[in-house]
Amino acid sequence: MQNDTNEVCEGSVERINFRIKGKSFNKETGYDLRTVAKSLDEFGKIIEKAYLVTINEPTLTKENRTNLQIKLRTVEDGSFLGGIDVGVIGTALQLFQQVDVKNVIDITKGAFEFLKLRNNSSKKGVPMIINNSENGIVVVTSGSGNEINITIPEKSLDLAEKAQSNFSSLAKLPTNDGEVESVTIEDNKSNPVIKFDDETRENFKVSSSYEDDTVEIVGRIISANEKTCTGRINIGKGNDMNPGEYPFELIDRDISIFHQKAFTDGVKFRALRKIKYDPSTNKKEVELLKLIS
């Protein structure tokens, strides 16, 4: 990216382009205001969090909010294309810690690349290895056999944790009908830095899948429907999952399990767990149990 010192503020300044493509974004029909407002708001929050990670501050104070300036400078015809200046004013507190906006953008890009890799690895159940290097760069490796390596700034990991919900919100904006085709953050030469499209949307989408192996659980069937072979089971402590109530279905539809084991405490079952993964929180939870009679 190239510095642009068009007096948006004193200090480090970067010009980036914010482009939204799709049927709803052209000069003739106008620009869908909700999508524009939502996308700009989420992107602004990501930049704010990237700035806070850079200066090692937990929250955006009044002074920090004044120092960090994000301004929409131009809007061009065609697909919605806004030129945004991101600038940081130097302060006495930053004499020993100069904030280069390019680093803020690089940290943002690194967080985006990390989240894509993490989401893909989590959905496939593939482990990730993170190695810190002496110069503050992190190398992330994912996969067994076909490894995927990315090299990102160390602070990108912090930003990924703090802004994963914002990245997920941006990833939801592209639509199947083409009304919103893509949301792209570009450098001033129109090279994509971060791009949200159909592929990205799938990467950040909540997904569910069954584990490969069954587990043994101890619980009590508290409701059952013989017609649908479904019900709810209460799982106590000491199992390889959080205690609580879970929906279940019989994997072989043999309702004799209801007559033999229903409404009895401390009964052992074999089960196949269906796991839901939410990239916006990086959390997995059991969505359904398939019981084996």
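## The second largest pocket

The second largest pocket has about 190 Å³ of volume, a volume being the space filled by probe spheres set on grid points that are joined across faces, edges and corners. A pocket is defined on a 1 Å grid over the protein atoms alone, as an open set of points where a 1.4 Å probe fits, with protein on both sides within 12 Å along at least five of seven lines; lining residues have an atom within 4 Å of a point. This is a predicted model, in which local features need pLDDT of at least 70 and side-chain atom pairs count only at pLDDT 80 or more, while totals for chains, interfaces and linings use all residues. Residues are numbered from 1 along each chain as its sequence is written, and side-chain values use heavy atoms, with hydrogens and water left out.

The lining of the second largest pocket consists of Glu211, Asp240, Met241, Asn242, Tyr246, Arg273, Ile275, Lys284, Glu285 and Val286. Strands S15 and S16 (283–292) are the elements that give two or more residues to this lining; helices (H or I, at least four residues) and strands (E, at least two) are DSSP runs, numbered from the N terminus. S16 provides the largest share, three residues. By type, the lining of the second largest pocket has four nonpolar, one polar and five charged residues. Here Ala, Val, Leu, Ile, Met, Phe, Trp, Tyr, Cys and Pro count as nonpolar, Asp, Glu, Lys and Arg as charged, and the others, Gly among them, as polar.

## Arg273

Arg273, one of the residues lining the second largest pocket, belongs to strand S15 (residues 267–278). Arg273 counts as buried because its relative accessible area is 10%; buried means under 20%, exposed over 50% and partly exposed in between, with a 1.4 Å probe and protein chains only.

Its side chain makes a polar contact with the side chain of Glu211 at 2.9 Å and reaches the backbone oxygen of Asp240 at 2.6 Å. A polar contact is a pair of N or O atoms within 3.5 Å; within protein, one must be able to donate a hydrogen and the other to accept it, and residues adjacent in sequence count only if both atoms are side-chain atoms. Leaving aside neighbours within four places in sequence, the residues in contact with Arg273 (heavy atoms within 4.5 Å) include Ser209, Val215 and Leu288.

## The largest pocket

The largest pocket holds about 250 Å³ of space. It is lined by 14 residues, of which Lys123, Gly125, Ser209, Glu211 and Lys284 are the closest to its centre. Helix H3 (101–124), strand S11 (207–210) and S15 each supply at least two residues of the lining, and S11 gives the most, four. The lining of the largest pocket divides into three nonpolar, five polar and six charged residues.

## Nonpolar cores

The largest nonpolar core has 46 residues, and those with the most contacts inside it are Ile20, Phe114, Phe167 and Phe196. A nonpolar core is a set of buried Ala, Val, Leu, Ile, Met, Phe, Trp, Tyr and Cys residues joined through side-chain atoms within 4.5 Å. A second, separate core of 20 residues includes Ala262, Ala271, Ile275 and Val286.

## Asn203

Asn203 is part of helix H5 (residues 198–203) and is buried, with a relative accessible area of 16%. A polar atom of its side chain lies 3.0 Å from the backbone oxygen of Lys116.
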